[in-house]
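Biologist: Hi! Could you walk me through this one?
Modeller: Happy to, here it is.

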Amino acid sequence: MPPHRYTPALAQRIELAWQDRWAAEGTFHTPNPVGRLSAGFERVADRPKYFAMDMFPYPSGAGLHVGHPLGYLGTDVTSRFRRMDGDNVLHPMGYDAFGLPAEQYAVQTGQHPRITTEANIAAIRAQLRRLGVDHDDRRSFATIDPAYYKWTQWIFLQIFGSWFDADAGRARRIEELVAELDAGTREPGEGTNPYDRPWAVLGAAERGVVVDAHRLAYLHEAPVNWCPGLGTVLSNEEVTPDGRSERGNFPVFRRPLKQWMMRITAYADRLLDDLDRLDWSDSLKLMQRNWIGRSTGARIRFAAGAVGRPGGAAETIEVFTTRPDTLFGATYMVLAPEHPLVEALTADAWPEGADPRWTGGLATPAEAVRAYQRQASRRSELDRQDAGREKTGVWLGVTAVNPVDGRELPVFIADYVLTGYGTGAIMAVPGEDQRDWDFARAFGLGIVPTVERPAGFDDSSGAYTGPGRMINSSNEEISLDGLDKATAIATVTDWLVRRGAGEATTTYKLRDWLFSRQRYWGEPFPIVYDEHDRPVAVPESLLPVLLPEVDDYSPKTFSDDDADSAPEPPLSRATEWTTVELDLGDGVQKYRRETNTMPNWAGSCWYYLRYLDPGDDTQMVDPELERYWMGPRGEGDVGGVDLYVGGVEHAVLHLLYARFWHKVLHDLGYVSSEEPFRRLVNQGYISAYAYTDERGFYVPAADVEEKDGRFFYEGEPVNREYGKIGKSLKNMVTPDEMIGAYGADTFRVYEMSTGPLEQSRPWETKAVVGSQRLLQRIWRVVVDEQTGAVRASDAEPAEETLRALHKAIDGVRDGYATLRFNIAIARITELTNHLTQVHGADTPVSRAVAEPLVLLVAPLAPHLAEELWSRLGHDESTAWTPFPQADERWLVEDTVQVAVQVNGKVRSQVTVPAGADAAALEAAARADEKIAGYLEGATIRRVVAVPGRLVNFVLG
RNA sequence: GCGGGAGUGGUGUAACGGCAGCCACGCCAGACUUAGGAUCUGGUGCCUUCGGGCGUGCGGGUUCGACUCCCGCCUCCCGCACCA
């Protein structure tokens with residue numbers, strides 16, 4: 001072994017030394033334009049800014065595997081490249097540390113969550129440092145730091161202290177609402193005034209209730225997702241489609257509870273519309289669009305209940321439909337089983353001769369309704385799916401009246417109508433809706449077609465949902481017959497408005513965000529309750545409201561399926577803390593603290609802003625810093641982080657919540673940007689093979705041998721499966737192991753070489769050696785393996801070598817710029833292989849080529865590059881050395897080889913001058929012996945000659 | 001069911017509508033070695049009668065020319081899923 005070979009041991013020595021030096025010299029300290037972190041800004045003042053960021057890690061106890069750093073390395077390579085290429089780059093890293101897993105881990109280990117969490121953070125920080133990432137460590141923080149969550153609480157107070165002005169389409173301060181209400185220029189918004197009297201005559205306490213109902217953060221008693229197994233309520237986004245908790249997979253039940261909500265629905269339109277202005281993948285935008293779920297249609301009111309219910313008062317059923325044009329085809333109505341009108345509408349007795357299918361076989365409507373409601377509430381979401389699309393329901397014993405033709409429509413409850421969407425009630429049009437058709441079929445209800453069917457359509461086979469002219473749709477006042485869908489919708493909606501029976505409207509699938517959790521390990525709310533139990537903001541001067549120490553921070557959990565249990569926040573046990581005496585302007589009073597805590601999404605909603613100066617204890621973020629790092633880049637630009645990399649699993653959780661908070665902060669004037677993340681990239685996942693033996697047990701993947709496409713462990717055949725990496729799958733490979741075996745640079749190059757950043761890929765330890773060989777060859781270009789001396793010569797490089805160099809520069813730049821690091825590595829490899837081949841052991845590579853090569857590889861293998869750069873005699877870090885520019889002169893060849901095709905098949909190659917025109921190309925091609933053979937005696941129908949590309953003879 | 005994405009050598013992948021398979025792993029051969037799981041060099045899509053033929057999931061289309069664009073299928077992955 002030559003004494004100065006680039007071995008793993010040498011790589012590690014080099015890496016540790018450079019990591020120390022970077023830390024000591026503050027190489028990656030990014031200067032702000034103003035404030036405490038502005039030292040050295042003159043150096044970068046004329047540079048454009050570039051803010052690159054990862055979704056910060058959650059410091060769980062499980063440790064990192066080789067899949068975790070992929071995204072971090074992607075932003076690292078990018079930030080290093082952009083810095084070398086002349087940007088002022090901000091690349092920070094922090095830790096998202098409140099939340100369920102940390103709390104559960106702490107409960108398991110019997111340690112306070114702060115202790116385990118901080119230990120985990122230290123471990124991850126050390127691992128990241130060992131990978132050589134260029135984070136500015138002065139800007140790091142964790143969401144559990146009081147100096148951080150002080151501002152999380154402060155933002156909550158801003159949200160609590162504002163309301164959404166629907167006319168202006170933005171949030172405004174609550175004081176402005178009160179002023180307008182007092183001035184009489186505004187009345188309370190819809191659904192905010194329970195008193196049936198105008199604002200002017202309301203008492204102080206009543207006014208308080210009305211104001212609170214406007215707030216963007218508000219207390220609300222409503223059915224929420226209660227998870228007894230976790231002992232906490234959850235947001236819609238945290239519940240899986242089959243009705244279980246995303247964390248822990250426990251059953252979740254709908255239960256009315258009074259909880260904090262955030263009025264994210266007020267922002268539905270902006271969250272939806274502004275997606276068009278973001279540089280995100282289409283699939284991710286689509287996920288958000290689907291989650292917000294905007295649909296336009298009409299609300300229509302049906303009088304109901306008087307018929308078949310002697311002496312009963314009429315009620316009004318309001319439905320939402322996207323197809324008001326089909327109103328004439330409504331033949332019955334359905335309420336969700338939990339609809340508030342169900343009780344009032346239920347008839348005392350079945351009318352004479354009631355269809356037994358409609359009554360559930362029970363003696364009275366009340367019995368049937370109660371039985372069906374019980375059945376519906378018992379059934380979890382999963383059961384509902386298992387039951388397939390078979391429609392069930394019972395009749396209430398009453399009818400409603402179709403406003404358009406006076407026809408009586410029987411009113412049912414059925415679980416295919418959901419409480420949470422639209423108004424929780426529908427008009428059923430079996431002719432044009434498949435679900436209604438299914439129900440009508442099962443219950444023997446009529447079908448009235450209102451859209452003209454194509455010839456041969458069979459109404460007994462299903463609903464018709466295609467296009468067509470309206471039919472069967474007229475009364476004395478209007479006729480939709482013959483109209484197309486859009487015109488019919490406009491016509492009937494207009495008529496409904498004039499009759500006061502409905503109006504055009506928009507609904508969303510998005511629900512308000514359930515914001516409280518019955519957990520210890522989270523941000524306390526900066527809220528206290530007064531003697532009337534009204535929530536009051538804790539004054540800014542008293543922030544942060546510190547999370548108190550308690551003896552028992554474990555949540556009160558229940559048996560998984562104990563749906564009737566009630567949440568009990570751990571903080572309620574901190575009895576000394578829960579009551580507090582404060583002077584909030586009217587003398588010292590006793591207050592009761594809010595004992596819920598915030599969900600773990602709170603801290604990640606705004607952390608990108610805190611990176612700009614985490615040490616600022618006077619404000620959330622300096623507006624000038626926000627403008628510099630996040631501000632719009634011109635008219636119409638949304639601003640935001642320039643590159644945000646993270647997993648796709650946050651498509652509708654973190655990314656929606658953060659956008660919402662950002663828009664509120666924008667409306668209130670705290671940030672100039674309209675969106676937090678201008679460009680978002682979802683990195684792929686790294687998967688691995690796992691192997692099971694005959695009994696189905698996992699065997700160590702590292703010891704499995706392949707023979708002729710089959711796999712063996714200790715001589716016995718095993719099965720291969722492909723998927724996650726994990727300890728229990730016995731296929732865990734850690735970055736530490738790889739760094740120990742090859743060094744961080746090799747690990748970095750390997751991870752980046754296996755595909756574009758967005759691409760998922762398998763891990764293959766045996767392929768890592770290829771990246772090591774590349775780095776060894778680059779090392780040999782600069783360093784003599786026998787003597788350790790620098791080999792580079794001062795000779796002029798050969799023309800051919802210059803062409804190879806500049807072609808590589810061009811390709812490497814493209815690869816870095818487009819996050820296709822595999823391309824950059826392929827071009828670097830080509831250049832290196834070229835140099836290795838042209839220059840044997842005795843002819844050193846020219847410095848004019850070796851130096852750019854070192855700089856090309858610097859973003860990928862920064863330690864190696866620093867070492868070689870320094871040995872080449874440079875004092876400055878590669879990080880602050882300009883990235884090589886390709887010289888056009890060396891990108892164009894003097895002569896080019898072009899393919900010559902005959903009838904589209906390549907038959908020969910000719911070499912022509914680079915500038916040769918079509919005629920010259922054709923002449924050269926005809927002169928070629930092989931081609932001449934093909935052309936002889938043939939009729940040439942056409943000749944296509946593309947300069948620099950090819951010639952194609954089309955023979956007839 | 002609806003929506004989105006993807007199908008290229010044994011493997012990961014690459015190709016402004018213009019020579020399919022760059023680069024790497026693996027494999028084969030060789031060099032240097034006491035040795036090789038180190039390093040270096042060469043070869044490696046398939047078939048072949050060595051002329052060539054066939055090849056980018058399948059079938060059509062547009063084009064002088066299609067991995068690339070269009071239409072219809074198939075398969076896989078992801079998201080949503082009784083959303084009125």
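Biologist: Is valine 648 buried, partly exposed or exposed?
Modeller: Valine 648 is partly exposed, at a relative accessible area of 30%. Buried would be under 20% and exposed over 50%, with partly exposed in between (1.4 Å probe, protein chains only). Bear in mind that this is a predicted model: local features need pLDDT of at least 70, side-chain atom pairs count only at pLDDT 80 or more, and totals for chains, interfaces and linings use all residues. Residues are numbered from 1 along each chain as its sequence is written, chains are lettered from A and ligands numbered from 1 in the order in which they are written, and side-chain values use heavy atoms, leaving out hydrogens and water.

Biologist: Where does valine 648 lie?
Modeller: In the loop between strand S20 (643-646) and helix H21 (654-667). Those are DSSP runs numbered from the N terminus: helices are H or I with at least four residues, strands E with at least two.

Biologist: Switching topic, which residues does the cis peptide bond join?
Modeller: Leucine 543 and proline 544, with omega about 0°. Proline 544 is in the loop between strand S17 (535-537) and helix H17 (575-578).

Biologist: And what is phi of asparagine 249?
Modeller: Near 60°, a positive value in a residue other than glycine. Asparagine 249 sits in the loop between strand S6 (232-234) and strand S7 (253-262), and is partly exposed at 44% relative accessible area.

Biologist: What about phi of lysine 730?
Modeller: Near 55°, also positive. Lysine 730 is in the loop between strand S26 (716-723) and helix H22 (735-742).
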